[in-house]
Amino acid sequence: MDAFGKLTSKTFVLPDENIDTDQIIPARFLTTTSRDGLADGCFHDWRFDGLGKLTVHPLNDVETSSHQVLIAGDNFGCGSSREHAPWALLAFGFRVVISTEIADIFRSNSLKNGLLPVTVSEELHQQLMEHAGEEVTVDLEEMTIRHGNHVSSFEIEPFARQCLLAGKDSLDVLIDAIPQIEEYEAQRA
């Protein structure tokens, strides 16, 4: 997992509400345990027609190398639990999802895989939606979003923040702690 500290990027606005995980990555793309090729499956049914040809959709025109912050409508990531959803968004090029409401399971899967889900106030969300393409800075160390002359704070679970800052998942943290665990166990014996 890539470490996440601070990201300055333009925003891409996807105003639809209740975008579920099946829209993010349709179930037919869940046959792999590898992340390879998941960028093609990301929002596939929005981006391609039934014959596999590109549709006229803003996602087909976004340059994710410069637009890595997705501003999404309310209740983003609802639906079934699938780790492939944050995998697909990361493979597509997004590093941050900002919304007024992000589904709990999607949030958990995202944090464990390096995608930063940020919940903001309706007022800030509306400002970001109205300024699509605006450059923002998302700073995980300070837990702030800078946009224009405004700075807003956000909250994130402390352990998930620690993992993202270090670029480690919970298993990496556990492996790093093996010497301390072995020392503790030896003292108990």
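This is a predicted model: local features need pLDDT of at least 70, side-chain atom pairs count only at pLDDT 80 or more; totals for chains, interfaces and linings use all residues.

How many bridges join β1 to β5, and do they run parallel or antiparallel? Five bridges join the two strands, and their sense is antiparallel. Residues are numbered from 1 along each chain as its sequence is written, and side-chain values use heavy atoms, with hydrogens and water left out.

Let me place this pair in the sheet. Helices (H or I, at least four residues) and strands (E, at least two) are DSSP runs, numbered from the N terminus. Two strands pair if DSSP finds at least two bridges between them. Seven strands form an open sheet with mixed pairing, and their order is β4-β3-β2-β1-β5-β6-β7. At the edges are β4, residues 116–119, and β7, residues 150–153, each of which pairs on one side only. On average, neighbouring strands of this sheet are turned by 30° against each other, with direction ignored; here axes are lines fitted to C-alpha atoms, for helices over the stretch in contact, and angles run from 0 to 180 degrees between N-to-C directions.

Please look now at β5, residues 135–139. Four of the five residues of this strand are buried, so β5 is largely enclosed by the rest of the structure. By buried I mean under 20% relative accessible area, by exposed over 50%, and by partly exposed in between, with a 1.4 Å probe and protein chains only. β5 and β6 form a hairpin with four residues between them, and Met143 in the turn has a positive phi of about 55°. Strand β6, residues 144–147, also pairs with β7 in the antiparallel sense, over four bridges. There, Arg146 stands opposite Val151 of β7.

I turn to the packing. A nonpolar core is a set of buried Ala, Val, Leu, Ile, Met, Phe, Trp, Tyr and Cys residues joined through side-chain atoms within 4.5 Å. The largest such core has 26 residues, of which Phe43, Leu70, Phe76, Leu89 and Phe106 touch the most other members. At least two residues each come from β1 (6–14), β2 (69–72) and α4 (84–92), and α4 gives the most, with five residues. Leu70 touches Phe12, Leu14, Phe76, Leu89, Phe94, Val96, Val97 and Ile98, not counting residues up to four places away in sequence; contact means heavy atoms within 4.5 Å. Apart from this core lies another, of 22 residues, including Leu7, Leu111, Leu124 and Ile156.

Several individual residues deserve attention. Most residues other than glycine have a negative phi. Phe43, however, has a positive phi of about 50°. This residue is found in the loop between α2 (38–41) and α3, and it counts as buried, at 0% relative accessibility. Asn75 likewise has a positive phi, of about 60°, and is placed in the loop between β2 and α4.

His67 lies in the loop between α3 (44–47) and β2, and is buried, with a relative accessible area of 17%. Its side chain makes a polar contact of 2.9 Å with that of Ser66. A polar contact is a pair of N or O atoms within 3.5 Å; within protein, one must be able to donate a hydrogen and the other to accept it, and residues adjacent in sequence count only if both atoms are side-chain atoms. Leaving aside neighbours within four places in sequence, His67 is in contact with Ser9, Lys10, Thr11, Phe12, Val62, Phe94 and Gly133.

Ala91, in helix α4, is partly exposed at 38% relative accessibility. Its C-alpha atom is separated by 4.7 Å from that of Ala39, 52 residues apart along the chain.

Finally, the cysteines. The structure holds zero disulfides, a disulfide being a pair of cysteine sulfur atoms within 2.5 Å. Cys78 is buried at 15% relative accessibility, and Cys163 is buried at 5%.
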